[in-house]
Amino acid sequence: MKNRKSPIEKADALRQKARYRQSLSLLARAVKACGPRDFEGAYKCHLLSGHNWRMLGNFEKAIAHYEKAIKCAGEISPAERAKTLLPDATVSLSLAYRALGDWKKALSLLREAEKAYKGLKDEEALAFVLWSKGGTFRIKGDIARAIEALAEARRMFAALGDEHAAGYCLNGLGGANRIKGAYKTSLTYYTKANSLFARLKDPFGLAYSFCGIGNAMRMMGRHEDALKQFRRALKIYRRIGDIVSSSYTLWSASKSLMMTGRPKPALKTLKEAEKFFARTKDPRGRIYCLLSEAEFAAMNGGGKKAAELAARALETSKRRGFAIEACHASALLGFFRLNAARETGAACYRRLGLKKPDFGKVPVNIP
């Protein structure tokens with residue numbers, strides 16, 4: 001007779017299939033069933049609940065669950081067992097803070113977890129920390145370190161035989177190379193990830209790669225092809241209830257529609273993206289929407305409003321420490337204020353080792 005899966009194991013299986021709300025429902029019942037001294041059971045419930053809420057875009061709820069998991073880990077006996085569980089929750093907590101734009105807090109937590117994993121000599125966990133660092137460096141604006149971390153993480157996961165994790169490194173490398181300006185390289189990474197996730201039947205990884213392929217195509221001027229990829233990504237994201245990734249996909253689709261002279265559907269799509277970014281409280285997403293709003297204002301003759309919106313995007317970028325977004329906002333603001341198709345903001349991109357988008361006219365195809 002086969003062993004039956006526990007409620008927590010069933011919940012984790014649902015999470016891996018991107019059925020996040022069903023997983024949460026099961027976990028809510030499981031945590032109530034935990035005894036007063038079952039700290040490890042409660043730890044698992046809160047950790048998995050945090051994962052589900054993070055994927056659903058409620059990062060504050062995710063943080064609350066991860067912090068409860070950390071508290072439970074501190075109560076687990078023997079202490080050696082607690083040492084193996086605590087850094088897992090710490091890394092997860094870093095990802096939630098990263099999603100809220102707090103890359104400084106995220107990096108601090110990752111360094112803490114990395115130290116623990118080195119003591120445990122846990123190669124798989126160290127590879128995951130590197131993957132997490134890669135994404136965090138990208139948000140900070142340090143693309144060179146992002147690519148370095150993601151490439152090393154991919155190598156480690158491949159050596160460990162973890163195809164899923166290696167696939168997410170491919171997606172990460174695709175995104176980092178797009179921001180760098182290496183669009184063909186970006187497309188290659190995303191295409192490899194797409195083939196892998198199709199074989200593995202991973203819906204989230206597949207949608208992520210569709211969106212990435214679309215963005216690489218967008219930056220290569222292949223906007224109709226890009227829009228087809230964005231629609232494929234959105235179909236999966238909507239099915240699994242992922243508004244976090246949907247919001248960025250919608251912004252990208254809006255940009256392609258803007259670039260091909262379709263302002264009405266572009267604005268409608270942008271408003272949908274803005275609605276999702278507001279729900280997830282994503283400051284970077286809001287900055288990108290401000291930049292698009294500034295462009296719409298400029299295209300409709302509102303030069304003063306366009307400059308005001310770009311200035312708001314620049315102030316938020318600087319306050320949050322988003323180096324890449326600060327470059328975009330600064331260059332766009334310079335263009336509006338000069339009211340001429342001249343070079344603006346090149347030094348900012350050069351300092352970051354990035355290819356500068358063409359700010360000769362609006363709209364600008366921002367990567």
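Tutor: Helices (H or I, at least four residues) and strands (E, at least two) are DSSP runs, numbered from the N terminus, and by that rule the protein chain has 18 helices and zero strands. This is a predicted model, in which local features need pLDDT of at least 70 and side-chain atom pairs count only at pLDDT 80 or more, while totals for chains, interfaces and linings use all residues. Residues are numbered from 1 along each chain as its sequence is written, and side-chain values use heavy atoms, with hydrogens and water left out.

Student: Why does the radius of gyration of the protein chain agree with that of a compact globule?

Tutor: The radius is taken over C-alpha atoms, and the globule rule is 2.2 Å times the number of residues to the power 0.38; for 367 residues this gives a value near 21 Å, and the protein chain has 21 Å, so the two agree.

Student: What makes the contact of E272 and R238 a salt bridge?

Tutor: The term requires a side-chain nitrogen of Lys or Arg within 4 Å of a carboxyl oxygen of Asp or Glu, and here the N to O distance is 3.2 Å. E272 lies in helix α14 (residues 263-280) and R238 in helix α12 (residues 223-240), so the pair ties together parts 34 residues apart in sequence.

Student: Why is R319 called exposed, whereas E315 is called partly exposed?

Tutor: Buried means under 20% relative accessible area, exposed over 50%, and partly exposed in between (1.4 Å probe, protein chains only); R319, at 53%, therefore counts as exposed, while E315, at 43%, is partly exposed.
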